[in-house]
Structures are given as structure tokens and as C-alpha cells.
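This briefing is meant for a reader who is meeting the structure for the first time.

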Amino acid sequence: LRWGPESIRFFGGGWGDPELLEPLDFANFPADPIDIQWLTTRTTDTTAIRHGTFLSPLDLLPGRARRGSIILIEPHTPTDRTVVLMPAWNEHEPSVRVALAQRLARRGVTSVILENAYFGSRHPDPHGGHPIRTVADFMLMGASACIEARCILAHFAAETDQVGVAGYSMGGNTAALVGASMPFPVAIAALAVSHSPGPVFLDGVLWYGVAWDALGGTGAEDELRDVLGRVSVLHLAPAPHVDDAVLVGARSDAYIPQAATQALADHWPKADMRWEPGGHATLVWLRKNRLADAVVDAFNRSAGRR
């Protein structure tokens with residue numbers, strides 16, 4: 001990121017709409033079951049894979065970003081567990097989550113892979129460079145992910161015994177935000193998790209990807225920390241079911257400061273905090289089985305609450 005071209009930098013359009021810099025109150029947004037239109041189904045030796053779309057309940061999203069997209073990967077053997085897998089930062093296609101979902105299918109868990117607003121098929125302008133042009137875009141993207149995931153969980157809660165939410169990196173943060181805000185018990189596996197996007201963009205290597213000139217120079221660090229810090233799991237009173245969560249951190253993670261993971265563990269003191277050796281890429285590329293273990297264990301821990 002430090003040496004990359006300007007085209008891969010984010011926030012190049014500056015702060016954006018100042019009204020959108022204040023976080024939306026997603027926790028009090030109705031978690032109503034979402035209407036999913038299933039378009040295609042294909043099968044493999046072990047799974048059925050369906051693609052569906054929906055209209056995002058967040059009408060502030062621009063154009064193409066409003067049309068949501070999910071991939072559902074389920075084992076052929078009937079299962080009573082469904083997890084929503086949240087997207088990581090800058091994820092343009094979901095191959096990592098698909099690989100995790102395939103592992104989970106072998107362990108009796110159906111996965112729902114949510115595409116982030118602004119990315120992939122939801123990019124407002126597919127030829128317009130980095131989709132997150134402004135800080136306001138980022139805030140709206142995060143709010144839509146949380147709101148949509150809550151409604152997707154409500155949809156599947158009517159169809160299966162147990163639902164859960166999980167994610168890696170930024171997906172771990174949104175999984176924790178979603179899980180903590182749900183009005184009914186859900187399994188939570190927050191992987192490579194920070195309590196907030198603030199420390200990730202300000203204290204990790206993503207700092208070098210910020211288009212600081214567009215924000216007024218590096219003197220804008222305090223302002224950006226304040227804006228991003230307004231979104232934090234620490235601002236949500238812990239629901240009883242967060243006691244059953246599984247949290248995972250990498251001990252040598254250059255993207256997710258260890259203190260940002262530990263702060264969430266301190267906020268959820270009864271959660272199962274697991275520290276893995278290695279860094280951010282090591283954990284997601286070489287230890288997918290350990291991540292799958294965390295998701296399954298989160299379901300096992302929460303099994304008695306439904």
C-alpha cells in the first residue's frame with residue numbers, strides 16, 4: 001500500500017456527505033426478514049450452491065449498490081445451522097469465504113455469503129476505480145452490511161434451529177456488531193477481529209492506503225480516528241448471547257492491532273478468546289480449518305440458548 005498507485009488508494013474523494021459521517025443507528029433498525037429472490041442453483045459432490053438477490057432495506061445506497069447479492073452453500077445432508085459470513089475489507093470476489101463455507105458444509109453448517117455494497121456486482125460505477133471514494137461511502141457501506149445481515153439472519157431464523165454470524169478482519173468487526181445487536185440469540189465467530197475500524201485504518205498498515213491529501217493531509221488523522229471510532233462494539237451493551245462468542249486474533253497481525261482485539265475480549269469477558277500464531281495472511285490462507293473450528297464451536301457454545 002505504501003508504494004501502490006493512487007488508483008488503489010481509498011477515500012480519494014475526501015470526506016463526502018457530512019451527514020453520513022455520523023453512524024446510522026443500525027442496532028435499532030428493524031431486523032425484519034428479508035425477501036430473497038433465488039436465481040440459480042448448481043450442485044457439487046458435497047454441496048448445493050444457490051445465488052440470490054434482494055433489495056437492500058437501506059435506501060440511502062446509490063444505484064447498483066442497492067441490489068444485494070448472496071451465495072448460499074449448503075451440504076446435501078440436511079442441517080439445522082446457518083451462518084452469515086461477512087465480507088472482509090476490499091473484497092472484490094468471495095473466494096476465501098467460499099473456501100471457508102465448503103469446510104463448514106462438511107461440518108454440517110450452511111453458509112450465506114453476503115456481498116458488500118459498493119463491491120463486485122454492487123459497485124456503483126464498475127469502471128470508476130476504487131469503489132470507496134469517500135469516508136461517507138465507507139460509513140454507508142458498513143451500515144448497510146450490518147442492516148442487511150440482521151435482516152438475513154431474521155429470514156433464516158424462521159427456517160433453521162440455529163443461526164450465526166461470522167467474518168474475518170473487517171468481516172469480524174461487522175460480525176461482532178451484528179451479533180451483539182441481534183434481538184434473539186445468534187452464534188458469533190469474530191475472526192481477526194477489531195472492536196472498531198478506527199484502529200485498523202489508523203494504527204495498522206492500512207494507514208498507507210488512505211489518500212491523506214484528499215482528507216486535508218496527515219493532520220486529519222485525529223478527525224478520521226474520531227469518525228471511525230464512533231462505530232465500535234464497545235458502544236453496544238453486551239447481550240447475554242455474546243458470552244458464547246468465539247473470538248480469534250493473530251499474534252503478529254500487521255493489519256489488526258492486538259490491542260483492538262483484546263479490547264473486544266475485555267468487553268465480552270466470557271467469550272472464548274483464541275490467539276493464533278502468525279500474521280493476518282497466515283491465518284486466513286493457511287489456517288482455514290482453525291477458522292472453521294471457531295465457527296462450529298461458536299454454534300456448539302450457543303446451542304442451549306435458542
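In this predicted model, Tyr 118 is found in the loop that runs between strand 5 (110-114) and helix 2. Although Tyr 118 is not a glycine, its phi is positive, at about 85°. Tyr 118 counts as buried because its relative accessibility is 3%, which is set against a limit of under 20% for buried residues.

**A second residue with positive phi**

- Ala 192 also has a positive phi, of about 50°, although it is not a glycine.
- The place of Ala 192 is in the loop between strand 7 (187-191) and helix 4, and with a relative accessibility of 1% this residue counts as buried.

- Leaving out residues up to four places away in sequence, Glu 148 touches Phe 54, Ser 56, Pro 57, Leu 61, Leu 114 and Arg 122.

**Nonpolar cores**

- The largest nonpolar core has 74 residues, and those with the most contacts inside it are Phe 11, Trp 89, Phe 138, Phe 201 and Trp 268.
- Helix 2, which spans residues 135-157, gives the largest share of this core, with 16 residues.
- Phe 138, one of the residues with the most contacts inside the largest core, is in contact with Phe 11, Trp 89, Ile 132, Met 170, Pro 197, Phe 201 and Leu 228, when neighbours within four places in sequence are left aside.

**The largest cavity**

- The structure holds three cavities of 30 Å³ or more, and the largest cavity has a volume of about 240 Å³.
- The lining of the largest cavity is made up of 21 residues, and Phe 138, Met 139, Gly 142, Ala 143 and Val 231 are those that lie nearest its centre.
- Helix 2 and helix 3 (170-181) each supply at least two residues of this lining, and helix 2 gives the most, with eight residues.
- When the lining residues of the largest cavity are divided by class, 16 are nonpolar, four are polar and one is charged.

- Helix 3 and helix 4 (197-203) each supply at least two residues of the lining of the second largest cavity, and the largest share, three residues, comes from helix 4.
- By class, the lining of the second largest cavity has 10 nonpolar and four polar residues, and no charged residues.

**Aromatic pairs**

- The count of aromatic pairs comes to 11.
- Phe 10 and Phe 11 form one of these pairs, with ring centres 5.2 Å apart and planes at 85°, so the pair is edge-to-face, a class that applies to planes over 60 degrees apart.
- Phe 10 counts as buried because its relative accessibility is 2%, and Phe 11 is buried with a relative accessible area of 0%.
- Trp 207 and Tyr 208 also form an edge-to-face aromatic pair, at 5.2 Å centre to centre and with 80° between the planes.
- Trp 207 is partly exposed, with a relative accessible area of 22%, and Tyr 208 likewise counts as partly exposed, at 29% relative accessibility.

How values were computed. Residues are numbered from 1 along each chain as its sequence is written. This is a predicted model: local features need pLDDT of at least 70, side-chain atom pairs count only at pLDDT 80 or more; totals for chains, interfaces and linings use all residues. Side-chain values use heavy atoms; hydrogens and water are left out. A nonpolar core is a set of buried Ala, Val, Leu, Ile, Met, Phe, Trp, Tyr and Cys residues joined through side-chain atoms within 4.5 Å. Buried means under 20% relative accessible area, exposed over 50%, partly exposed in between (1.4 Å probe, protein chains only). Helices (H or I, at least four residues) and strands (E, at least two) are DSSP runs, numbered from the N terminus. Contact means heavy atoms within 4.5 Å. On a 1 Å grid over the protein atoms alone, a cavity is a set of points where a 1.4 Å probe fits but cannot get out, and a pocket is an open set with protein on both sides within 12 Å along at least five of seven lines; lining residues have an atom within 4 Å of a point. Grid points are joined across faces, edges and corners, and a volume is the space filled by probe spheres set on the points. Ala, Val, Leu, Ile, Met, Phe, Trp, Tyr, Cys and Pro count as nonpolar, Asp, Glu, Lys and Arg as charged, and the others, Gly among them, as polar. Rings of Phe, Tyr and Trp (its six-membered ring) pair if their centres lie within 6.5 Å; planes under 30 degrees apart count as stacked, over 60 as edge-to-face and the rest as tilted.
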